[in-house]
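Reader: I have the sequence and the coordinates open. Can you take me through the packing, one question at a time?

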Amino acid sequence: MAGRNNHELKLLGTWPSPFVVRVRLALGLKGLSYEYVEQDIRDKSELLVVSNPVHKKVPVLIHGGKPVCESQIIVQYIDEAFPGAGASLLPSDPHERAVARFWATYIDDEFATKFRAMGEAKEEEEKDEAAAQVFAALETLEEAMKGKVFFGGDSAGYVDVALGGFLGWIKAAEALAGVAFLDGARTPLLAAWAARFSALEAAKEAIPSVERLREFHGAMHAAAATVAGN
């Protein structure tokens, strides 16, 4: 991947993971080159196990031989380790930085967990309940977008990366379920933000296509059905 000197950056990931996409977005926005190493979570590589011995999960960023784990921590690390590369992802003001971290944590706690629960729900009632919580979280984020071009201000930043990592799956879920999560009528600011963010070169390179995610989703469901039938 093209970009400025990276001092041996290597990213361990799985392409469908929104948390891996987050890191790829941050690296792209900072203009950093890196080696991407796709991982098989069913057969974890020795490099992944050694690099993240506690959780043994992706993403893991290896910088000069030293691993950094967890997507939010990795994005912060990238911003701090390469201050001269691209625009800062986190604000310089301590209070604004704290606010950005709050919203990124909110995205993980209130949106991502409910979005995943919706996809994993077996009963319609469970799906409906999780979907209602997803919409509630998006409406809260809609309020946070008021008066802004991006969550980070005039340019994409830390919170944009946090939510942007999920854009591919949000669009795929819309196509699969026939439900508009980023609705121009319900959350017009978020819908406009999603279009702006998706148009960024870093987003075009990092976010998987809806078609690819739908194929992956279908393959996973087929595999699960086969296992359940045995």
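Reader: What covers the buried residues of α3?

Author: This is a predicted model, and the answers below are computed from it. In α3 the buried residues include Ile74, Val75 and Ile78, along with Gln72 and Gln76. The elements that cover the buried residues of α3 include α1, β3, β4 (66-69), α4 and α6.

Reader: Is Gln76 buried or exposed?

Author: Gln76 has its place in helix α3, residues 71-81. The cut-off for buried is under 20% relative accessible area. Gln76 has a relative accessibility of 17%, so Gln76 counts as buried.

Reader: Which residues is Gln76 in contact with, leaving aside its neighbours within four places in sequence?

Author: One spatial relation of Gln76 is with Val23: the two are 53 residues apart in sequence and 9.8 Å apart in space, C-alpha to C-alpha. For contact, heavy atoms must lie within 4.5 Å. Leaving aside neighbours within four places, the residues in contact with Gln76 are Leu90, Arg101 and Tyr158.

Reader: How many residues apart in sequence are the parts that the pair of Trp15 and Phe216 ties together?

Author: A search of the whole structure finds 11 aromatic pairs. The rings of Trp15 and Phe216 have their centres 5.5 Å apart and their planes at 70°, so this pair is edge-to-face. Trp15 lies in the loop between β1 (9-13) and α1 (18-29), and Phe216 in helix α10 (residues 210-229), so the parts tied together are 201 residues apart in sequence.

Reader: Is Phe216 buried, exposed or partly exposed?

Author: Trp15 is buried, with a relative accessible area of 19%. Phe216 has a relative accessibility of 28%, so Phe216 counts as partly exposed.

Reader: The rings of Phe115 and Phe181 also form a pair; how many residues apart are Phe115 and Phe181?

Author: The centres of these two rings are 6.1 Å apart and the planes are at 75°, so the pair is edge-to-face. Both Phe115 and Phe181 are buried. Phe115 is in helix α4 and Phe181 in the loop between α7 (167-177) and α8, so to speak distant parts of the chain, 66 residues apart.

Reader: Which residues do ring pairs link into a cluster?

Author: Phe115 and Phe181, both buried, belong to the cluster. Ring pairs link Phe19, Phe111, Phe115, Phe135, Phe166 and Phe181.

Reader: Where does the charged end of Arg212 sit?

Author: One arginine, Arg196, lies over the face of Phe150, at 6.0 Å from the ring centre. The charged end of Arg212 is 3.7 Å from the centre of a ring, and that ring belongs to Trp15.

Reader: Which residues does Leu176 touch, not counting residues up to four places away in sequence?

Author: Leu176 is in helix α7 and, at 39% relative accessibility, counts as partly exposed. Its C-alpha atom is separated by 9.7 Å from that of Val210, 34 residues apart along the chain. Not counting residues up to four places away, Leu176 touches Arg214 and His217.

Conventions: Residues are numbered from 1 along each chain as its sequence is written. This is a predicted model: local features need pLDDT of at least 70, side-chain atom pairs count only at pLDDT 80 or more; totals for chains, interfaces and linings use all residues. Side-chain values use heavy atoms; hydrogens and water are left out. Helices (H or I, at least four residues) and strands (E, at least two) are DSSP runs, numbered from the N terminus. Buried means under 20% relative accessible area, exposed over 50%, partly exposed in between (1.4 Å probe, protein chains only). Rings of Phe, Tyr and Trp (its six-membered ring) pair if their centres lie within 6.5 Å; planes under 30 degrees apart count as stacked, over 60 as edge-to-face and the rest as tilted. A charge sits over a ring if NZ of Lys or CZ of Arg is within 6 Å of the ring centre and within 35 degrees of the ring normal.
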